[in-house]
Amino acid sequence: MYEIENVLRDYAWGSTTAIASLLGRPESGRPEAELWIGAHPDSPSVAHLPEDGTRSPLDALVSSDPEHFLGAESVSAFGPRLPFLAKILAAAQPLSLQVHPSLEQARAGFARENEAGIDPHAPDRNYKDDNHKPEMIFALTPFEALCGFRPATETRKILQHIADAFPDGQTPELLRALLEDLAGPDEGGGLRRAFERLIAGGQAVAEETALVVAALVSGAALEPYQAELGTVISLNEKYPGDPGVLISLLLNRISLKPGEAVYLPAGNVHAYLHGLGVEVMASSDNVLRGGLTPKHVDVPELLRTIDFHPVAVPMLRAEKTVMDQELFRPPFREFQLQRIELEPDAGPVPLAQTGPAVVIVVAGDVYLDSPKGDLALSRGGSAFIAAAEAPINVHRAAGSTEPALAFAVTTGL
């Protein structure tokens, strides 16, 4: 077991207080958007090596003996790299609308851009690696997001509600066109037509978006669509005229309570709007953006990547094992999340470990116990656990009178 230090990413949309408050440390004074916990080569955690008191980037440590650190099954399934990346994510402002490719699309796109000689760090590069990026988010606070396409009939009701706010004959042409796009029996085709109309509409979409927002803020009734139309208004304040403002109306608008989670497969258009959560994903940085961003948007590649079928919100329910383990297991092999809560009188909880694991403590003090040793972690502390170290039990620290809460990520094999 290795105590690790993790890298903070200070993207502009991050909260200046949420991660520091969660982990019980001073604020940096900068936006703190993501704390990366893993071995992704862009920002690997750094492991403290007790053998000689030195430190090592986690990706280098893993590559020194993949079978020991990852286990034979993980190496066989995913190669000699840690297959998952965990993050503490704190969104004070909306992230970009985005979608992640399938594994086949990622491999093909990465090879294609390499053959074209596109610099790996070029701003117009789509594929940073050859891996897919399925992910999940577990809400630590109330968490707001857009996630996947809602049924076209429901979106038409919202669009018609907006259209009814305009005097006869003054409904923006864009609204009329979107209502027509979504009217046919082919929901997937209609959603694609509506999305493409918005993402590729340029200045005309920006101008008509301004008309829609002006109607909403000048007294049009928002109920019964307060959340959806309020999102349109707030997104336009941050990104006026952006196609993502009205694209948000095509998507499920969700509000997670603390303790709830959703998972996001390839092709799912989504955007996190506000909140603090534990995010887990396959170890990749492949993102195709679709609005609400000043960054590169490759419309043709985006359209090839999106799944335009309407979906129910992919909620992820906790599973309780006979050993009292609380697990969130999305339908992906790369990862699963374990929530470990230890009350003052609670006994140890076995770590649900299949291959390598990482642990982060967000409340109280714990210690990790294995036949080969133990490791104490306080609030804000984290660890990497080699596959060869299993089995692990998680205990509340002796003498502590406060509940402890930790999260652990391992593979879903």
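Strand 4 (residues 46–49) has a covered face, formed by A47 and L49, and an uncovered face, formed by V46 and H48. In a regular strand the side chains alternate between the two faces of the sheet. Helices (H or I, at least four residues) and strands (E, at least two) are DSSP runs, numbered from the N terminus. The model is predicted, so local features need pLDDT of at least 70 and side-chain atom pairs count only at pLDDT 80 or more, while totals for chains, interfaces and linings use all residues. Residues are numbered from 1 along each chain as its sequence is written, and side-chain values use heavy atoms, with hydrogens and water left out.

Strand 4 has pairing partners, where two strands pair if DSSP finds at least two bridges between them. Strand 1 (residues 2–5) runs antiparallel to strand 4 and is joined to it by two bridges; in this pairing I4 stands opposite A47. Strand 5 (residues 54–57) is also antiparallel to strand 4, with four bridges, and P57 is the bridge partner of V46. Four residues lie between the strands in the hairpin of strand 4 and strand 5, where G53 takes a positive phi near 75°.

A further sheet is open and consists of four strands in the order 17-22-19-20, with antiparallel pairing. Strand 17 (349–350) and strand 20 (373–378) each have a single partner strand and stand at the edges, so one side of each is left without a neighbour in the sheet. Six bridges connect strand 19 (residues 365–370) with strand 20 in the antiparallel sense, and D369 has D374 of strand 20 as its bridge partner.

Helix 5 (residues 103–115) has 13 residues, which should span 18 Å at 1.5 Å a residue; the end C-alpha atoms are 18 Å apart, in agreement. The expected span is 1.5 Å times one less than the number of residues. Within helix 5, A106, G109 and E113 are buried. They cover an arc of only 75° around the axis, which puts them on the same side of helix 5; the arc is that of the directions from the helix axis to the C-beta atoms. The face turned away from this buried side carries the exposed residues E104 and E115. Here, buried means under 20% relative accessible area, exposed over 50%, and partly exposed in between (1.4 Å probe, protein chains only). Just after helix 5, G117 takes a positive phi of about 75°.

The structure holds eleven aromatic pairs. Rings of Phe, Tyr and Trp (its six-membered ring) pair if their centres lie within 6.5 Å; planes under 30 degrees apart count as stacked, over 60 as edge-to-face and the rest as tilted. The ring centres of F138 and F328 are 5.2 Å apart and the planes stand at 75°, so this pair is edge-to-face. It links distant parts of the chain, since F138 belongs to strand 8 (residues 135–139) and F328 to strand 15 (residues 326–328), 190 residues apart. F138 is buried at a relative accessible area of 2%, and F328 is buried at 1%. F149 and F308 form a stacked pair, with 5.6 Å centre to centre and 25° between the planes. F149 lies in strand 9 (residues 143–149) and F308 in the loop between helix 12 (299–305) and strand 14 (319–320), so the pair ties together parts that are 159 residues apart in sequence. One aromatic cluster is formed by Y2, F69 and F384.

Most residues other than glycine have a negative phi, and most peptide bonds are trans. L292, although not a glycine, has a positive phi of about 60°; L292 counts as buried at 1% relative accessibility. D324 is likewise not a glycine and has a positive phi of about 65°, but D324 is partly exposed, with a relative accessible area of 46%. The peptide bond from E223 to P224 is cis, with omega near 5°, and P224 is placed in the loop between helix 9 (202–217) and helix 10 (226–238). A cis peptide bond with omega near 5° also leads from A390 to P391.
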